[in-house]
Amino acid sequence: MALIKDSVKVAEVVKKVSPIETLRKIKVGDKRLVRQRDIDAAVVRSTVCKLNSTGCKYDLKAHIEGTVVKRLK
């Protein structure tokens with residue numbers, strides 16, 4: 001096992017983007033804008049389809065900056 005020298009900086013941990021967890025955190029009745037640069041619109045749509053089949057209900061609308069998601073149930 002190699003020793004780390006003092007001149008080496010520790011790498012920052014980057015959080016993984018999770019579309020499922022992002023949509024699950026939306027409270028019932030709330031609307032949220034999911035920006036295109038954060039999560040692609042096609043990924044948001046497919047994630048909504050998956051979650052709708054599990055019992056959660058979402059409404060989607062296209063927006064100039066991304067997708068507006070409203071949690072219904």
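Author: Buried means under 20% relative accessible area, exposed means over 50%, and partly exposed lies in between (1.4 Å probe, protein chains only). This is a predicted model in which local features need pLDDT of at least 70 and side-chain atom pairs count only at pLDDT 80 or more, while totals for chains, interfaces and linings use all residues. Residues are numbered from 1 along each chain as its sequence is written, and side-chain values use heavy atoms, with hydrogens and water left out.

Reader: What pattern does the chain follow along the sequence?

Author: Helices (H or I, at least four residues) and strands (E, at least two) are DSSP runs, numbered from the N terminus. The chain has two helices and three strands. Read along the sequence, they give the pattern α-β-α-β-β.

Reader: What is the order of the strands in the sheet?

Author: Two strands count as paired if DSSP finds at least two bridges between them. Five bridges join E1 to E3 (residues 66-71), and six bridges join E2 to E3; both pairs run antiparallel. Strands E1 (31-35) and E2 (58-63) are the edge strands, each pairing on one side only. The sheet is open, and its order is E1-E3-E2.

Reader: Which residue in E3 is the bridge partner of Leu 60?

Author: E2 and E3 are joined by a hairpin through two residues. For Leu 60, the bridge partner in E3 is Val 69.

Reader: At about what angle does helix H2 run to E2?

Author: Axes are lines fitted to C-alpha atoms, for helices over the stretch in contact (heavy atoms within 4.5 Å). Angles run from 0 to 180 degrees between N-to-C directions. Helix H2 (residues 41-53) lies across E1, E2 and E3, and its angle to E2 is about 170°.

Reader: Is Thr 67 buried or exposed?

Author: Thr 67 is found in strand E3. Leaving aside neighbours within four places in sequence, its contacts include Arg 32, Leu 33, Val 34, Ala 41, Val 44, Leu 60 and Lys 61. With a relative accessible area of 7%, Thr 67 is buried.

Reader: How far apart are the closest N and O atoms of Arg 24 and Glu 21?

Author: A salt bridge is a side-chain nitrogen of Lys or Arg within 4 Å of a carboxyl oxygen of Asp or Glu. Arg 24 and Glu 21 are three residues apart in helix H1 (residues 19-24), so about one helical turn separates them. Arg 24 is partly exposed at 43%, and Glu 21 is partly exposed at 38%. They form a salt bridge, and the closest N and O atoms are apart by 3.5 Å.

Reader: Which residue forms a salt bridge with Arg 32?

Author: The whole structure holds three salt bridges, one of them between Arg 35 and Asp 38 (3.5 Å, N to O). Arg 32 counts as partly exposed, at 45% relative accessibility. Its closest N and O atoms to the partner are 3.6 Å apart, and that partner is Asp 30.
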